[in-house]
Amino acid sequence: MNGLMQQRQLLISDLIEHAASNHGDQEIVSSLGDGNIHRYTWSAARGRAKQVANLVQSLGVAVGQRVATLASNTHRHLELYYGVCGTGAVLTTVNPRLFTEQIVYILNHSGSTHVFFDVSLAKLVAEIAPQCPNIKGFIALCEAGQMPDLAVPGLACYESLMAGCSDLYAWPQLDENSASSMCYTSGTTGKPKGVLYSHRSTVLHAMATCMADSFAISARDSILLIVPMFHVNGWGIPHSSAMAGAKLILPGSQLSGENVYSMLRDEKCTVSCGVPTVWLSLLEYAENVDPDQRRRDIVATRVLSGGSAAPRRIIEKFEQYFGVYLCQAWGMTETSPVVTVNVPLSRHDNLTLDERFDLQMLAGRPLPGTEIAIFDDEGNRLPHDGHTTGQLKVRGPWIARAYYNREDDAWDANDWFATGDMATLNADGYLKITDRAKDVIKSGGEWISSLDLESAALSHPAIEEAAVIGLRHSHWQERPLLIAVKRNGMDVTAEAMLEHMRNHVAKWWLPDDVVFVDALPHTATGKLYKLPLRKQFESFRFSTDVENA
Ligand code: ADP
């Protein structure tokens, strides 16, 4: 027997309709990169999104067809987020920081027919255009007077096209399972893989991230979206902020510590989201601001951090400088991305600050709708006891069930998606990521967590950044090597480093050697990139390796 409830579809267009109708005068603030700030409201954004819908239809873009962006976080990108998928077309947000050959691969593999791009990326566009024969039009996100001098097919000016488009448009009542947008994984070890989101998965994800024990986004919030909108839907904030009717601040590509600080201060942001490297720059800048001034300037109560593990130092400094709670979240492109969020339970009310920092180091608990579990190599479930490490698998309505046009064995018959992360889960369901499976160090049949070792190294005040990789050892199979960057003007010896780390990890985990370098490699999303490090240290022999003698 079916229930007698309406079968209204969950559609992304309804999010902006809700924001415009119920929070119409709430602001969207966008930094244009030339020092100018653009301001309008959710109500105006809806009108512009409808103009975009008319625009893409005038370009001949059909339902299901892919339209790409190469763009930073601006109001124009937001309009494309709603206007393109509102017509039934699919928005493919491409990360301009990827290698050119990866960008070309994504544009061709996704079958995108049009690319909307930031003028600052004109050189990149000139390079990729000849390699993407199916792209009929390149639309520059600018005013007529700012058009780049480019010889690419169908070059057009966004604002000129928009001027000719009506802001009247009736959003079609699509099937909620229709594809809405597509993001590609960074492909640090192979070709990028396309993850094709649906209207339904996007709306459910937005709803779950608004919840109180989640990002807790409300109409009272002013959100600084630092996470790029070209990376995993900007953690769904463009959608959840509309659902909640929150004020949204889009910082463009100006992400220096000073700029982030100014935006947090000037727009009275209550919440912000970004990756740990962005927080590091912010904290470095804030270090030189008068402590009382800092507290007055920043009214935020929380920052959301994900993409890689937040070092304890960052968590502590947010508390110390601003009284801000750093809330870790975990997820990935395949999971929309948010699956777990670290919010304390009432039983944590009486923790000492130090104990609370320990808790904040964890990646959080699963949002309702998602399930997470750890498994051994044979597919058996492992206990949630806080110390058994296993392969992390997830399932739920905003988890991918396949990659776009590509076979992959990451899924089992019960919908469990193997994330490629190694993790522990405790009895309360708090997740701790111990490694990417490919980074795990296998020493004498036991596993050593490179993330725990990096975290221990980073707790030394003289260390700016640290990477631990497993390298061949004739007796132990693999042993950890610590590769670290010293902070400007500070010094520490390898022996002193190991002595310091001894207080944080089991003795047999300690790296066999420490190497100091000037800089470490990063991926296009700002994460430590261990592949080139492994290559660079391929022939390294540990001082503890007897075969080395
Ligand atoms: P990629 O890095 O391949 O572009 P994602 O951006 O989807 O892909 O990154 C997802 C990965 O980032 C996760 O599988 C995990 O390894 C890492 N990650 C995300 N959040 C956290 C976190 N809070 N702590 C530790 N690792 C994290």
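Buried means under 20% relative accessible area, exposed means over 50%, and partly exposed lies in between, with a 1.4 Å probe and protein chains only. The model is predicted, so local features need pLDDT of at least 70 and side-chain atom pairs count only at pLDDT 80 or more, while totals for chains, interfaces and linings use all residues. Residues are numbered from 1 along each chain as its sequence is written, and side-chain values use heavy atoms, with hydrogens and water left out.

**Figure 1. Val104 in helix H4.** Helices (H or I, at least four residues) and strands (E, at least two) are DSSP runs, numbered from the N terminus. Helix H4 covers residues 100-110 and contains Val104. The relative accessible area of Val104 is 8%, so this residue is buried. Contact means heavy atoms within 4.5 Å. Leaving aside neighbours within four places in sequence, Val104 is in contact with Ile128, Gln131 and Cys132. Gly445 is 341 residues from Val104 along the chain, and the two C-alpha atoms are separated by 42 Å.

**Figure 2. Thr69 in strand E3.** Strand E3 spans residues 66-70 and includes Thr69. With a relative accessible area of 0%, Thr69 is buried. Apart from neighbours within four places in sequence, Thr69 is in contact with His77, Leu80, Leu91, Thr92, Thr93, Val94 and Phe116.

**Figure 3. The largest nonpolar core.** A nonpolar core is a set of buried Ala, Val, Leu, Ile, Met, Phe, Trp, Tyr and Cys residues joined through side-chain atoms within 4.5 Å. The largest one has 63 residues, and those with the most contacts inside it are Trp42, Tyr82, Phe116, Tyr158, Phe215 and Ile237. Helix H2 (residues 42-58) gives the most to this core, namely seven residues. A second, separate core has 28 residues, among them Leu70, Leu121, Ala140 and Val152. Beyond its neighbours within four places in sequence, Tyr158 has contacts that include Arg48, Val52, Leu55, Phe116 and Ile139.

**Figure 4. Helix H12 and the residue after it.** Helix H12 runs over residues 312-322; nine of its 11 residues are buried, so the helix is largely enclosed by the rest of the structure. The buried residues are Arg312, Arg313, Ile314, Ile315, Lys317, Phe318, Glu319, Tyr321 and Phe322. Gly323 follows H12 and has a positive phi, near 70°.

**Figure 5. The surroundings of the ligand.** The ligand is surrounded by 15 residues, of which the closest are Ser186, Ala329, Thr333, Arg436 and Lys527. A residue is near a molecule if one of its heavy atoms lies within 4 Å of it. An N or O atom in the side chain of Arg436 is 2.5 Å from an oxygen atom of the ligand. A polar side-chain atom of Asp421 lies 2.8 Å from a ligand oxygen atom. For Ala309, a backbone N or O atom lies 3.5 Å from a nitrogen atom of the ligand. Taken alone, the ligand exposes 570 Å², and the protein buries 89% of that. Strands E14 (325-331) and E20 (431-436) are the elements that give two or more residues to the shell around the ligand. E14 gives the most, with four residues.

**Figure 6. Helix H14 and its start.** At the start of H14, a side-chain oxygen of Ser449 comes to within 3.4 Å of the backbone nitrogen of Leu451. Helix H14 covers residues 450-458, and its buried residues are Ser450, Leu453, Glu454, Ala456, Ala457 and Leu458.

Key
Polar contact = N/O pair within 3.5 Å; in protein donor to acceptor, adjacent residues only side chain to side chain. Areas by Shrake-Rupley, 256 points an atom, 1.4 Å probe, with all protein chains shown as cover.
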